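Please read the points with the model open alongside.

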Amino acid sequence: MAGYTPMMKQYLDIKDEYEDCLLFFRLGDFYELFFEDAKKASKELEITLTSRDGGREERVPMCGVPYHSANTYIARLVKAGYKVAICEQMEDPAQAKGVVRREVVQVITPGTVTDDLMLEEKRNNFLIAVCQNGQTYGLAATDISTGELRYATLTDRNALIDEVAAYEPAEILMDGGTQSEVKQEIERYVSALVHDFEDVRLSSDQARELLEEQFDDVPSSVVENDLAVKTVGSLLLYVKKTQKRALRHLQGITVYEANEYMVLDVYARRNLELTETIRDKKRQGSLLSLLDHTATAMGGRLLKKWLDKPLLNRRGIEERLTAVEALAKDMLLTKDVQEILKGVYDLERLAARIASGTANARDLVALKRSLHMLPQLQKVSGQAGDAFTRLCDFSDLCSDIAEVIDRAIVDEPPVSVKEGGVIRPGFNEELDELLEAKRSGKAWLARLEQKEREATGIKSLKIGYNRVFGYYLEVTKANLHLLPAGRYERKQTLANAERFITPELKEKEALILEAEERAVELEYELFVQLRENVSQQVERLQQVAHSVATLDVLQSLATVSARYGYVRPEMTDGLQLTIKGGRHPVVEQVLDDGAFTPNDTVLNPQKEQIALITGPNMAGKSTYMRQVALIVLMAHIGCFVPATKACIPLVDRIFTRIGAADDLVGGQSTFMVEMLETRHAITQATERSLILLDEIGRGTSTYDGMAIAHAVIEYIHENVKAKTLFSTHYHELTALAEQFERVTNVHARCEEREGELLFLHRIESGRADRSYGIHVAELAGMPKSVIDRARTVLTELESRQQTAASGLDTGEQLSFFLSEDPERAREREIVSELKKWDLLNHTPLETVQFIEKLQKKLMHSAIETE
Ligand SMILES: Nc1ncnc2c1ncn2[C@@H]1O[C@H](COP(=O)(O)OP(=O)(O)OP(=O)(O)O)[C@@H](O)[C@H]1O
């Protein structure tokens, strides 16, 4: 420190405490950054790097941004993953003795931003804390821009990763004890700022104390769980340390269990394109964007939550469906709801800003206007029926809050709350008197101007004001000779005018300025008082915000359901899934009207547990598989579904392995990803799950691939029992339908007409007879010579296979396995035939003949191999 100026010393002391942040150090009208911070920020923000004298020989690198536009710069840095500490001057530099006192007033990090500029309207901004205790993990998540705080204990690592991914957090705090592989895996799936919460580590007692201080009522499931106390406590401490302001809007802890909801892991979320498309990661084209007809930001955020956490409780689902049905049947009413909702601002974030003391008068007016819409929402939701009354509680319309804001704040207040013009006349007597004094003073000035003009005969004489000289009389040089001597005191000379004061003018000026100053001060005091009063009501506002958001989501789902001709799914307690005339909700919208071919689906654990889907490329297999999953998912969030009829059992998880997502997980081979996803599915699925496996095994050699695909199907059939859709190009696998009783074959039908391949996109029972791969290659514009050669090679291969198979007397479907390893395959077949032989229903002679036949087969096999 030696040699630095006192201000630089102050800077370095503060920076020492905020080492991991870029320190925005307020110097007059600028925030300045020094040393390494300046180098980083100037590069990131593309602003000039300069230097200043810091007292030592070498100059200190520096860059800066004007304070009034700092928000945009801070937003860019935070978005780039930096933490920014804002250090303000805590006293008036004009009155400070020595170095101006400075303090960090807020630390802005990706997970703790509250500025609208840095937030997406329809997206929550989650900050997550994770603690580990053995194999158990605590996860606490908060969005401080809305005030919600949730906690769950996860019983294994996969569950933790799925849950973290579902939040799509902006920032994650990890207990130092969390295993590094877990951290790595989280970092691989989630693009968030991840860091240790080294400096917010708490003992259980400290954490408990902190929670009790913050919340009136800490749920017993948290109090009695050390892991929960520690996780939520650390999260809270971090928020407190960064925000350094009231957190009244963090009102309670919602404790939930991950299995209360359908689990959608990272793969399923991405493969089903729930919130963004796989290819370009855009919202447009995702299921969320299709379903989102919400009119408010809160509704948009809640819809995403519903989609992230589909319900597993039938009553809850039915309740939503009933509400959606009521609105879908009455589009006029739905239109009314939408119109009213358009007048409602983001109540959640307004309430949060009010509670944290950052709201301005415009926010309060926005709140008032929104609250004024509530009686109408109460009325329409009442008209829509009982389900609404239960889901959206409009019993408290917060009209008292709207009324007090209305009485206090003018209709169009300025942005700043420190420059007056905020409080409505009649609200406060003292303020009215001060404003009257100011007004009458101004009228007096106008009269004085008139009087002086008449007295001097100078028509252009005018009264003006500036900050340095206060009020003055201005006379142009040409008219100076008209002024009587001695009455005016010269104050300022301009190029072509002179400015004067009189004792009378100065006396009045003191009164006017005093009144003005006091009025501005008083307005600010009154405003802060009002904001404080409203913030006491934050819980009521949050409650009503939730009801508005729920109504908005319901109307959005009803709008989509009515517009696209969806039907109400029948939710069943059983395990059978039946869909008639099902469509892919997103694909059907991109195609021309009526161009989408609807398809049926039946899946159940008794008979049709695993559907093997064959058919050429482009025939519609993936679309079909995804559509089944999306229909199931939509039903679970309470939305109607794109089908003519749907009976949907409760599905606890949807697993997907679909090729297109290969590029998503960096650093691993396509085949490795394929195997990871498949393992994930088959080890975690239950008989209530739905598994989609698209062309498993294609990432390796044919035999390996087929063997794996075979084994996976067998495993699901024998052990997992989950409903499964399995698409494959290995036609040989269709033989499994004969081997396993709950495997069925379906295919995407195509027809060849006059050498052209026609994709009918119809899923029909039975297997596809050919793969038509060469046709697709032709469609893709492959050179003719390549196509012709492929046809020749194919014919050759087919005839070779034919020859290999001709020795077999099975009459069954030709199998690649058989031609490759005929002996083993035949033995397997013989064993299977032996098993099936019903001794009691055959004569001894028949049995002997049967054994003789098997023996011959075996011998034949031996000769062939020799
Ligand atoms: N039911 C349908 N009705 C109309 N068009 C459809 C239907 N299903 C799919 N399609 C169209 O066919 C295209 C190909 O579908 P999809 O990707 O599902 O084929 P696929 O059989 O999975 O092909 P691949 O084996 O190459 O992955 C889709 O992009 C879509 O435009």
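Is Ser622 buried or exposed? Ser622 is buried, because 23 other C-beta atoms lie within 10 Å. The term buried means 20 or more other C-beta atoms within 10 Å of the residue's own, exposed means 12 or fewer, and partly exposed is in between, with C-beta atoms placed from the backbone.

1. Basis of the note. This is a predicted model, in which local features need pLDDT of at least 70 and side-chain atom pairs count only at pLDDT 80 or more, while totals for chains, interfaces and linings use all residues. Residues are numbered from 1 along each chain as its sequence is written.

2. Domains. The domain assignment of the chain gives domain 1 (6-108), domain 2 (116-260), domain 3 (292-398 + 537-563), domain 4 (429-531), domain 5 (570-782) and domain 6 (816-865). Such bounds come from an automatic or database domain assignment. Between the C-alpha centres of domain 1 and domain 6 there are 84 Å.

3. Annotated site. An unreviewed UniProt entry lists Gly615, Pro616, Asn617, Met618, Ala619, Gly620, Lys621 and Ser622 under "binding site". UniProt positions are given in the numbering used here, feature names are shortened, and annotations may be inferred rather than shown by experiment.

4. Two residues of that site. Met618 sits in the loop between strand E21 (610-614) and helix H23 (621-637), whereas Ser622 lies in helix H23. Helices (H or I, at least four residues) and strands (E, at least two) are DSSP runs numbered from the N terminus. Met618 is partly exposed, because it has 18 other C-beta atoms within 10 Å. Leaving aside residues up to four places away in sequence, Met618 touches Phe759 and Val776, and Ser622 touches Ile658, Asp694 and Ser727. Contact here means C-beta atoms, placed from the backbone, within 7 Å.

5. Ligand shell. Of the 15 residues around the ligand, Asn617, Gly620, Ser622, Thr623 and His761 come nearest. A residue is near a molecule if its C-beta atom, placed from the backbone, lies within 6 Å of it. Helix H23 supplies the largest share of the shell, three residues. By type, the shell divides into seven nonpolar, seven polar and one charged. Ala, Val, Leu, Ile, Met, Phe, Trp, Tyr, Cys and Pro count as nonpolar, Asp, Glu, Lys and Arg as charged, and the others, Gly among them, as polar.

6. Further along H23. Ala629 is also found in helix H23, and it counts as buried because 24 C-beta neighbours are inside 10 Å. Apart from residues up to four places away in sequence, Ala629 touches Leu272, Ile654, Thr656, Leu690 and Leu692. Ala629 and Leu725 are 96 residues apart in sequence and 9.7 Å apart in space, C-alpha to C-alpha.

7. A sheet. Six strands form an open sheet in the order E11-E10-E7-E8-E9-E12, with mixed pairing. Strand E11 (193-196) and strand E12 (254-255) are the edge strands, and each pairs on one side only. Strands pair if DSSP finds at least two bridges between them. Strand E7 (residues 127-133) runs parallel to strand E10 (residues 171-174), and four bridges join them. Leu127 stands opposite Glu171 in E10.

8. A loop residue. Asp217 is found in the loop between helix H6 (204-214) and helix H7 (220-223). Asp217 is exposed, because 9 other C-beta atoms lie within 10 Å.

Technical notes: Two residues are in contact if their C-beta atoms, placed from the backbone, lie within 7 Å.
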